[in-house]
Amino acid sequence: MKNIAVLGSTGSIGTQTLQVIEANPGRFRVEVLTANNQVELLAQQAVRFKPNMVVIANEEKYGQLKELLADEDIKVYAGSEAIAQVVESSIIDTVVTAMVGYSGLLPTIRAIKAGKTIALANKETLVVAGDLIHDLVTEYKVALLPVDSEHSAIFQCLTGEMNNPVEKILLTASGGPFRGKDYEFLKRVTPEQALKHPNWKMGAKVTIESASMMNKGFEAIEAKWLFGLKPSQIEVLVHPQSIVHSMVQFTDGCIKAQLGVPDMRLPIQYALTYPDRIVSSFERVDFSRYSNLTFEKPDPVTFRNLGLAFEAMEKGGNIPCILNAANEIAVDAFLKEKVSFTRMPEIIEETISRVCFIQKPDLQDYIETDREGRKIAVDIIEK
C-alpha cells in the first residue's frame, strides 16, 4: 500500500486524485490533505478519507477547520510553512503536488529532500526553478513522475526506449476556446468566455492559461527539464480533439503517440501506480466517434504568451520565474476584469524587461525574483 499526501486536494487535480484513490481501496492510503482556502471541502475530504494530517494554507481559517474536525482523530495545521513541513513525514511515500502556481515550489523541494516520490501536477515548479529541481532530483535520487496529460504521454512513449535518442517531442494543445480567432476578437473576450474550455475541466487559472496558450508554453518549459531536451526539440501542435496527448519522434523518424479520452484521472492513476498499469472503469476511446484527428501549427503571434514562454526558455536563468510571476498577476487581474485578455502578454513582457536578469540563480534568487516580478506586474496594472 502506498501512503499518499495530496497537496491541493480541493482543486481539480486534487479531487480527481482522490477519486482514483477511492476507486482502488487497499492500494492507497491518504495520509495528508492540504488546501489553500476551501476549508469546508477540505473538512469533508478529511472525514471521508481519514488522513493523519490536514493543513489549510490560509491561517485565518485554522479555527474553522479545527472546529469542523473536532470529532475526528486528525491533526490540524495551518500556514504555508506547515504544508512544507508535513511532506517530510516518514509515513508518506508519494506526494501529489496539485497546488496551483508558485506556491507548489517550496513544498516540492522539501518533499524531494525528504526522499519522497513526486507525482508532479504543479508545472510551475519546473517553470520557475527547473535547473534547481533537476539538480535536487539527481542528488536525492527520487522519482519525479509527471501528472500533466501531455507529459505523462511523453513519459509513456519513452518507457522501454532506454537510451534510444529522441529527435523531438510533439506537444499537443487543444487550442482552447479561441482557436482560430484573431487579435481583434481576443481584445473583446470576457473571463466567462475564456473559462469555457471545449475539452477539459480545470481550475480557473489553468483554464485562462489554456485560452491564452501560456499553459502550453509552461508545458514546453516543463518538458525541457523533465526529459532533458533543448528548446529546438520541442514542437507544439494544435490538436482540437485532445485524443492524442503527445508524441515522441526518434532519430530514425519513427513517432510514438499516447492516446486516450480527455480525462485527467488516467495520467493521475498512471503516476500513482507506475510502473504498473491497473484496471480502471474510465471511458475508452471510441474511434468511430473520431473519424478525423487533425493537427495544425499554433499562432504564436496572435497568442503572444506562447512565444514569450519559448523566449524565456531560450534565455533561461531567472527569466521563466519572472514569466510565471507576471502571468499569475495578469491572470488574476483578467479574472477580476481589471485588464483585457490581450493586455496580459503586454504586462508579462514589460515585467520581464524590468526585472534584473540572473544567469545562474539559487533558491533565494528565485524567491526574490518572484517577489519583485509580482510587485512590478501589479505596478504596471495599477498605472
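## Side-chain interactions in a predicted model

A search of the whole structure finds 25 salt bridges, a salt bridge being a side-chain nitrogen of Lys or Arg within 4 Å of a carboxyl oxygen of Asp or Glu. The structure is a predicted model, in which local features need pLDDT of at least 70 and side-chain atom pairs count only at pLDDT 80 or more, while totals for chains, interfaces and linings use all residues. Residues are numbered from 1 along each chain as its sequence is written, and side-chain values use heavy atoms, with hydrogens and water left out.

### Salt bridges

| Pair | N to O distance |
|---|---|
| E184 and K187 | 3.6 Å |
| R304 and E349 | 2.9 Å |
| R343 and E346 | 3.1 Å |

R343 and E346, by contrast, are both in helix α15, and because they are three residues apart they are separated by about one helical turn. Salt bridges that share partners also join E81, E88 and R110 into one network.

The accessibility of these partners can be described with three classes: buried means under 20% relative accessible area, exposed over 50%, and partly exposed in between (1.4 Å probe, protein chains only). R343, at 26%, is partly exposed, as is E346 at 37%. For the remaining pair, E184 has a relative accessible area of 42% and counts as partly exposed, and K187, with 40%, is also partly exposed.

### Nonpolar core

The largest nonpolar core holds 116 residues, of which I21, L65, L323 and F341 touch the most other members. Such a core is a set of buried Ala, Val, Leu, Ile, Met, Phe, Trp, Tyr and Cys residues joined through side-chain atoms within 4.5 Å. Helix α14 (residues 319-335) gives the most to this core, with 10 residues. When residues up to four places away in sequence are not counted, I21 touches I4, V6, F28, V30, F49 and L272, where contact means heavy atoms within 4.5 Å.

### Aromatic rings and charges

The model has six aromatic pairs, counted where the ring centres of Phe, Tyr and Trp (its six-membered ring) lie within 6.5 Å. F178, F185, F334 and F341 form one aromatic cluster. The charged end of K181 sits over the ring of F185, 4.9 Å from its centre, and K224 lies over the face of W225, at 3.6 Å from the ring centre. A charge sits over a ring if NZ of Lys or CZ of Arg is within 6 Å of the ring centre and within 35 degrees of the ring normal.

### Cysteines

How many disulfides are there? The count comes to zero, a disulfide being a pair of cysteine sulfur atoms within 2.5 Å. C254 is in no disulfide, and the nearest cysteine sulfur, that of C157, is 9.8 Å away. C254 is partly exposed, with 38% relative accessibility. C356 is likewise in no disulfide, its nearest cysteine sulfur being that of C321 at 13 Å, and C356 is exposed, with a relative accessible area of 56%.

Note on methods. Helices (H or I, at least four residues) and strands (E, at least two) are DSSP runs, numbered from the N terminus. Rings of Phe, Tyr and Trp (its six-membered ring) pair if their centres lie within 6.5 Å; planes under 30 degrees apart count as stacked, over 60 as edge-to-face and the rest as tilted.
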